[in-house]
Amino acid sequence: MATAGKVIKCRAAVAWEPNVPLMMEEIEVAPPQEGEIRIKVVATGVCHTDLYHPFEVKDKRGFPTVLGHEGAGVVESVGPGVTDFKPGDKVIPLFLSQCGECKFCKSPNTNLCDCSWSSKYHDIMSDPTTRFTCRGQPILQFMGTSTFSEYTVINQIAVAKIADDAPLDRVCLLSCGISTGYGAAVNTAGVTPGSVCAVFGLGAVGLAAVMGCKNAGASRIFAVDINEKKFEKAKVFGATDFLNPKAYDKPISEVLAELTNGGVDFSLECVGNTEVMRTALESCVKGWGVSVLVGWTDVKDFSAKPIQLISGKTWKGSLFGGFKSKDSVPNLVCNYMNGKIKLDKMSLEQVNDAINLMKTGDCIRCILNISK
Ligand SMILES: [Zn+2]
Ligand SMILES: [Zn+2]
């Protein structure tokens with residue numbers, strides 16, 4: 001490509017500081033260095049974590065940054081030493097890397113690669129070894145990806161090559177929300193055939209968790225949300241029962257216990273709210289119930305009565321659905337192409353509009369067409 005080896009000037013939505021609207025800016029994107037890939041971003045989803053960083057954590061050290069970590073695109077050029085990718089390849093940037101060499105990558109028990117930006121810069125949510133500048137200032141790369149930009153540069157250990165015929169404006173959702181929820185059910189919870197499940201929170205992650213429970217053979221799936229507008233969609237993904245906690249004058253865990261003779265076998269918290277995490281645990285049946293934390297949050301402690309665990313329940317968490325990212329994302333794309341995984345589409349052009357829509361909960365997922 002004519003741009004290979006040169007700085008690319010392009011548009012990006014820059015978050016200059018916490019709690020202010022993103023600004024569309026012209027940024028400079030440096031050529032990829034050793035082991036890196038420069039990607040033309042074609043589509044990106046807007047995930048709750050993109051809001052969490054500027055509007056909930058508000059740690060100034062993580063700014064200025066380009067948000068976005070749920071993207072898909074095409075390789076523009078590769079740096080020295082990159083042999084598995086070439087210009088034109090369709091790819092998905094991964095916020096969780098898979099180097100294949102560290103002790104975590106070598107273990108079958110986890111997907112938490114130690115070479116990921118998050119093992120060093122978890123507190124600022126961004127990678128400061130950035131290839132972006134704007135108005136003479138370095139701009140951090142949020143979650144190592146920064147997909148709210150027309151171009152981004154990512155290390156090859158955090159890029160998955162996907163099928164040439166994959167529609168990028170749909171499979172972008174597999175780089176965070178859908179894989180996270182789906183994998184939390186099928187991998188982390190280990191939902192079993194005939195089991196009873198409850199999913200708390202029916203955003204994209206929650207709907208994907210419902211789909212995971214269904215595909216794993218759950219016989220009954222309770223969909224729990226305070227926004228009843230989301231129940232119809234949850235049904236499409238396989239939910240069988242619907243509960244609005246606001247419609248009851250007792251805790252929803254008690255309601256679930258009554259409806260299921262003691263509690264559900266598996267519960268998945270897909271909100272990122274520590275109170276809901278506790279409720280999800282309390283909704284599980286004693287003896288073998290498993291509750292999984294899926295929603296991302298790290299600003300508050302959570303609490304629960306020890307008897308909840310002494311009684312034989314398991315409380316666990318999952319990042320990116322427990323999927324080893326580079327190995328799994330191409331397969332997840334295939335599962336979308338063969339109909340096993342359903343992805344919704346909703347397209348919006350303006351980043352700030354998408355964020356407002358997510359805040360009100362009136363859309364499941366917004367997908368931005370970056371390259372138009
Ligand atoms: Zn996300
Ligand atoms: Zn690794």
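Me: Which charged end sits over the ring of Phe 237?
Reply: A charge sits over a ring if NZ of Lys or CZ of Arg is within 6 Å of the ring centre and within 35 degrees of the ring normal. Here the charged end of Lys 342 takes that place, 5.9 Å from the centre of the Phe 237 ring. Please note that this is a predicted model, in which local features need pLDDT of at least 70 and side-chain atom pairs count only at pLDDT 80 or more, while totals for chains, interfaces and linings use all residues. Residues are numbered from 1 along each chain as its sequence is written, chains are lettered from A and ligands numbered from 1 in the order in which they are written, and side-chain values use heavy atoms, with hydrogens and water left out.

Me: What are the protein donors of the zinc ion (ligand 1)?
Reply: Donors are N, O and S atoms within 2.8 Å of the metal (3.2 Å for Na, K and Ca); water is not among the atoms, so sites may look incomplete. In this model the protein donors are Cys 47 (SG), His 69 (NE2) and Cys 176 (SG), at 2.0 to 2.2 Å from the zinc ion. Their spacing along the chain is C-x21-H-x106-C. His 69 lies in the loop between strand 4 (65-66) and strand 5 (70-78), and Cys 176 in the loop between helix 4 (168-171) and helix 5 (177-189), so this pair ties together parts that are 107 residues apart in sequence. Helices (H or I, at least four residues) and strands (E, at least two) are DSSP runs, numbered from the N terminus.

Me: Are His 69 and Cys 176 buried or exposed?
Reply: Buried means under 20% relative accessible area, exposed over 50%, and partly exposed in between (1.4 Å probe, protein chains only). Both His 69 and Cys 176 are buried.

Me: How many aromatic pairs does the structure hold?
Reply: Rings of Phe, Tyr and Trp (its six-membered ring) pair if their centres lie within 6.5 Å; planes under 30 degrees apart count as stacked, over 60 as edge-to-face and the rest as tilted. The structure holds three such pairs. One of them, Phe 95 with Phe 320, is edge-to-face, at 5.5 Å centre to centre and 85° between the planes. Phe 95 is in the loop between strand 6 (90-93) and helix 2 (103-106), and Phe 320 in the loop between strand 16 (314-317) and helix 11 (325-337), so the pair joins parts that are 225 residues apart in sequence. Phe 95 is buried, with a relative accessible area of 7%, and Phe 320 is buried at 2%. Phe 302 and Trp 315 form a tilted pair, 4.7 Å centre to centre with 45° between the planes.

Me: What is the order of the strands in the open sheet of six strands?
Reply: Strands of a sheet pair through backbone hydrogen bonds, either parallel or antiparallel. Two strands count as paired if DSSP finds at least two bridges between them. The order here is 13-12-11-14-15-16, with parallel pairing. Strand 13 (241-243) and strand 16 stand at the edges with a single partner strand each, so one side of each has no neighbour in the sheet.

Me: Where is Arg 135 found?
Reply: Arg 135 is in the loop between strand 7 (126-134) and strand 8 (137-142). Although Arg 135 is not a glycine, its phi is positive, about 50°. With 61% relative accessibility, Arg 135 counts as exposed.
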